[in-house]
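Please consider the protein chain shown here, together with its sequence. The paragraphs below lead from the whole chain to individual positions.

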Amino acid sequence: MIWGIFKRDMCHATRNVIAVIVSMGLVVVPALYAWFNIAASWDPYGNTKALKVAVANNDKGYKSDLIPVRVNVGETIISTLHANDQLDWQFVKSDKAIDGVKSGEYYAAIVIPKGFSADMMTLFSPDIKHAQLKYYLNEKINPIAPHITDQGATTVVNTIDKTFAKTIAQVGLDLASSILHYSQSPQMAEYMRNLNGNLTTMADTLSGASQQVTSYSQLLGSANDIVDSTGKLLASATKAGKQAQNALKQGKSGATSLTSAGANVTSSVNTALDQVSGAFDQVAAKVNKAFDAIGKDSDTAASQLATLSEQISSGESLYDTYITSLNHMRESVEQLPDSDSAKQTLLEAIDREITLLEAAKGDSQKLAQQLKDASTQVTQDTAAAERSRKEILNRITSAKQSISNVRDDYATNVKPKIDALASTVSTLISQTDSMITQLSGTADGLDDVTGDVGTNVTSIRSTLGAIAKKLDSSAATVKELITKLETGGNAGDGNSDGGDGDNDADSGESDELRALATANASTLSTLISAPVALHRVSVYPIANYGSAMAPFYTILSIWVGAIILCAMLKVTISDREKAHVLGLGDTLPRIAGPSGPGNASRWGLRLDHEYFGRYAIFALLALLQGTLVCLGDTYFLGVQANHALQFLAVGWLAALVFSNIVYTLTVSFGDIGKAVAVVLLVMQVAGSGGTFPIETLPKFFQMLYPFLPFPHAIDAMHAAMAGSYGNEYLLDMVYLALFLIPSLLLGLVLRKPVIRLNNWVSRNLESTKVM
């Protein structure tokens, strides 16, 4: 079935002259598209001589005493550009140059300002200025021309840099040569002898002055020893005074703390003990009241007893507070000196008071527990409750007696001793303050006696020592200068001692300087201006720009050829052709239904037969297109192709893949499919990386790049032209062939559900009589 469709298509395409001419045109037109573009871009950067760039020189030049040569960098630039054929340089006035850029007569203009040379020579002054060229550019004439003229302007700048460096180096070498010749003259020898004599006298004078300054410093040092001895004696007295002062301050601090602690404890203890004693009387009354209510309301009595228990328990913290206060007072007493007779007696009284307080605290704890126990018994046993009442009252009496003992002991033993101690401490504080003031004044006076003297003597000796070092250093520098001058003179006369290593070294340096000064100044200055040369090594070299662009335009023309085929040839098979292939005459039986894909399947002409049968002529013409364009690239234009057969194979595979994709889109979606093919063409022109590196394109194209067939076909063709790294060529060919899978899947399987939709769209377009 496929072969039958293909044979009839070939007969129809060659049955008359017009059909043959059209068929040949379908093969030739894509090749012409590629060849014209490749030939036009064969060597664009080698044909820049016709680009007009104006140059205007307003430089006034520069001359100074340091460099007795007139320097005019602008004239040097003009001379250099006359010999440069990279661009069509136009040497005009600045006004005409600027106006020519605006009118489009010149693509760009370079104007050298008046002070250009002067600004460059500020390199030798403190106020350095950056010399600037004025570069005018017309960017609307052509998108590529600005980049070419920019390269020309960069060349001018590099030429100026090299010329300037060369000029400065040449002037410096000329000056060095002149100095070397003058140094070997008799006048220079006489001058050196006089200079050596004067320098020797100066060195001796400096050495003598240094010795005098050192002697005077030693004399001051002897006097300073006496001052130091006196200072140490006074310092010892000062130190003793300060130690006594610190001791008295510590005593004052301890005494003050003791007084404060005693006063606080005396006040708090008296108040607290009176409160606690009165509180126990209230507790006894509340206990009797609670027990009297047992017979009437046992629950209320139990609640009252429990409340009293909690109140007494909460009051235990007061005992801890009193005990803590006594401990603080005990710590203050311990700070008194052991020689104080009242210290030990007061400590014993405080310890006895703490013991009594702890005993009273224990009675309160027992009373609280008995009240708690009684609160649980009053509801159970009246006789037991009465016994608990007596025990509680006895315990209250005992606790109250403990508090009375604490208060009596505190009033009898502790308080009188604290009051006596407070009186003694007050007197001690008053005396301590007076003595501290006197010792402070004495210590300050002792510090002022020797401080200024020692500081002044030390400062003077330090200054004199620095002066002596400076004088010695200056004398050594002058002597070193004399030695170098004598060595240089001997080396210049050729009379240096061969056994002296230093003289040999200096002689070698003089010989090197002499050789440098007598060498070719032009050659050396050229080396200094451009010390580094760029050695360009091409990896996978491409012969020219046209060869570099050939893969892009070749692959593009093959896709364009596929679109032209689908525009000129029918992708569907008429019922009449189907009937002839099936041997049914000129028409299909009416049972076949309306005309369309797959309507002859009941007689054996399936949908896939129609697809491949009609595609066969598309594939043949596409292969002829790929063959012609690739052979023309290689043998007509002379595009570089190190592997010609591989180059041709890429064209064949691209022709099959592209023609199948465009054919499938057209047979599946009709004219809409052709529009999609054009959209894919536009996307691939922008995002294939054929002109600019893909890394320079927007993020969208970088993401889309791997899923387009153009990049893989272009990379495979590059590998065939210049060489392949590893399996690069084979991988790109495989990736390109994989695009046949979705294309065939759409043409054979996925297009079946949309056949009716496509027929309906076609009928509606034809009904417009315009589309």
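The model is a predicted one. The protein chain has 771 residues, and 37% of them are buried. Its secondary structure consists of 23 helices and four strands. Among contacts with a separation of 6 or more, 77% join residues 24 or more positions apart. The accessible surface of the chain comes to about 43300 Å², and carbon and sulfur atoms account for 58% of that area.

The strands may be taken next. Strand β1, residues 52-57, pairs with strand β2, residues 88-91, in the parallel sense over four bridges. Within this pairing, V55 has F91 of β2 as its bridge partner. Strand β1 also pairs in the parallel sense with strand β3, residues 108-112, here over five bridges. In β3, I112 is the bridge partner of N57.

In soluble globular proteins, nonpolar side chains tend to be buried together. The largest nonpolar core of this model has 62 residues, of which I555, W559, F618, F658 and Y663 touch the most other members. The elements giving two or more residues to this core are α1, α2 (17-40), α14 (545-568), α16, α17, α18 (671-687), α20 (709-722) and α21 (728-737). Apart from this core lies another, of 16 residues, which includes L51, I77, W89 and M121.

Leaving aside residues up to four places away in sequence, Y663 touches C566, V571, E610, Y611, R614, Y615 and F618.

Is T664 buried or exposed? Its relative accessible area is 1%, so T664 is buried. The side chain of T664 makes a polar contact with the side chain of S743, at 3.1 Å. Beyond residues up to four places away in sequence, T664 touches Y611, S743, L746 and G747. Y611 is also among the residues that Y663 touches.

Helix α16 contains another threonine, T634. T634 has a relative accessible area of 17% and counts as buried because this value falls under 20%. Its contacts, not counting residues up to four places away in sequence, are V639, A641 and F647.

Helix α15, residues 575-582, has D575, E577, K578, A579 and L582 as buried residues. An α-helix has 3.6 residues a turn, so residues three or four places apart point the same way. Against which helices do the buried residues of α15 pack? They pack against α1 (2-13) and α16 (607-637). Just after α15, G583 takes a positive phi of about 75°.

Elsewhere in the chain, A360 lies in helix α10, residues 342-377. With a relative accessible area of 1%, A360 is buried. A360 touches Y319, S402 and I403, again not counting residues up to four places away in sequence. A360 and A399 are 39 residues apart in sequence, and their C-alpha atoms are 6.0 Å apart in space.

Two residues remain, each with a positive phi although neither is a glycine. Y540 has a phi of about 55° and is placed in the loop between α13 (521-529) and α14. At 39% relative accessibility, Y540 counts as partly exposed, because that value lies between 20% and 50%. K769, with a phi near 60°, is found in the segment after α23 (755-767). K769 counts as exposed because its relative accessibility, 75%, is over 50%.

How values were computed
Residues are numbered from 1 along each chain as its sequence is written. This is a predicted model: local features need pLDDT of at least 70, side-chain atom pairs count only at pLDDT 80 or more; totals for chains, interfaces and linings use all residues. Side-chain values use heavy atoms; hydrogens and water are left out. Buried means under 20% relative accessible area, exposed over 50%, partly exposed in between (1.4 Å probe, protein chains only). Contact means heavy atoms within 4.5 Å. A polar contact is a pair of N or O atoms within 3.5 Å; within protein, one must be able to donate a hydrogen and the other to accept it, and residues adjacent in sequence count only if both atoms are side-chain atoms. A nonpolar core is a set of buried Ala, Val, Leu, Ile, Met, Phe, Trp, Tyr and Cys residues joined through side-chain atoms within 4.5 Å. Two strands pair if DSSP finds at least two bridges between them. Accessible areas come from the Shrake-Rupley method with a 1.4 Å probe; for residues, only the protein chains shown count as cover.
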